[in-house]
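Please consider the structure shown below. The paragraphs that follow lead from strand pairing to salt bridges.

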Amino acid sequence: MTTARLPLFPLNAVLFPGLVLPLNVFEERYRAMMRELLKTDEDEPRRFAVVAIRDGRETAPTASGMPEAVSTPVERGPADGFGPDPVQTFHRVGCVADAATIRERADGSFEVLATGTTRVRILSVDASGPYLTAELEELEEDPGEEAGALAEGVLRAFRSYQKRLAGASERSLTTGADLPDDPSVVSYLVAAAAVLDVPAKQRLLQAPDTATRLREELKLLRAETAVIRHLPSLPAVDLTRAPTHPN
């Protein structure tokens, strides 16, 4: 199994392969990460790993860029807010992100646009540097049994889900013609687009194979569609972009 050591970016969200991730980076520990990534040659991927936080917060209470509770700035370490053993604070399965755009603002913060690429499992976390790094192993995507047939069922359920969302919000969503037919791509797109909480999305990310993820999505979509029938309105969802996360 392929392993790598990469900078670690914890979020209160789940990143999937293929999902575009905008970031507003203002904390010093993450600024340091971006400055280091900018040293990478433009022809090489600027990679970091995104993991969902199981318990903790994305930003330190008095982090750089946030309103200070005291007049004297406090130095914050790379693991601040994540407890004495950060690896226990994070979900173990995350996703590698490739930062296509890292733009530094005049105030030293960064505007980042990255894309999820590969699922990884955390083996260990190192907090000795200016930002967290992790030893990671790459997770292969096994299609599982009947992934193709399941993907077709999920797409049908997703179209019905879209129609319910569009009707509830009085907005139109992506049409079925825009949806992919590769089972693994379908599974990640639906997982990212569905209105689900972090634990549910995390279960989908760490599914052992594509078919298992699709089966779970089929159940979730049917349940969510039934719920939407009884709700007056729900927000529409952008199918390829995550909300901008302030860090």
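A residue is called buried under 20% relative accessible area, exposed over 50%, and partly exposed in between (1.4 Å probe, protein chains only). The model is predicted, so local features need pLDDT of at least 70 and side-chain atom pairs count only at pLDDT 80 or more, while totals for chains, interfaces and linings use all residues. Residues are numbered from 1 along each chain as its sequence is written, and side-chain values use heavy atoms, with hydrogens and water left out.

Helices (H or I, at least four residues) and strands (E, at least two) are DSSP runs, numbered from the N terminus. Strand β2 (residues 20–25) has five of its six residues buried. Two strands pair if DSSP finds at least two bridges between them. β2 pairs with strand β5 (residues 110–126) in the antiparallel sense over six bridges, with L21 opposite A114 in β5. β2 also runs parallel to strand β7 (residues 245–246), joined by two bridges, and N24 stands opposite P246 in β7.

A salt bridge is a side-chain nitrogen of Lys or Arg within 4 Å of a carboxyl oxygen of Asp or Glu; the structure holds nine. R121 and E137 form one of them, with the closest N and O atoms 2.8 Å apart. Because R121 lies in β5 and E137 in strand β6 (residues 133–138), this pair ties together parts that are 16 residues apart in sequence. R121 is partly exposed at 33% relative accessibility, whereas E137 is buried at 17%.

In helix α5 (residues 210–228), E216 and K219 lie three residues apart, about one turn of the helix. Their salt bridge has its closest N and O atoms 3.5 Å apart. E216 is partly exposed, at 25%, and K219 is exposed, at 56%.
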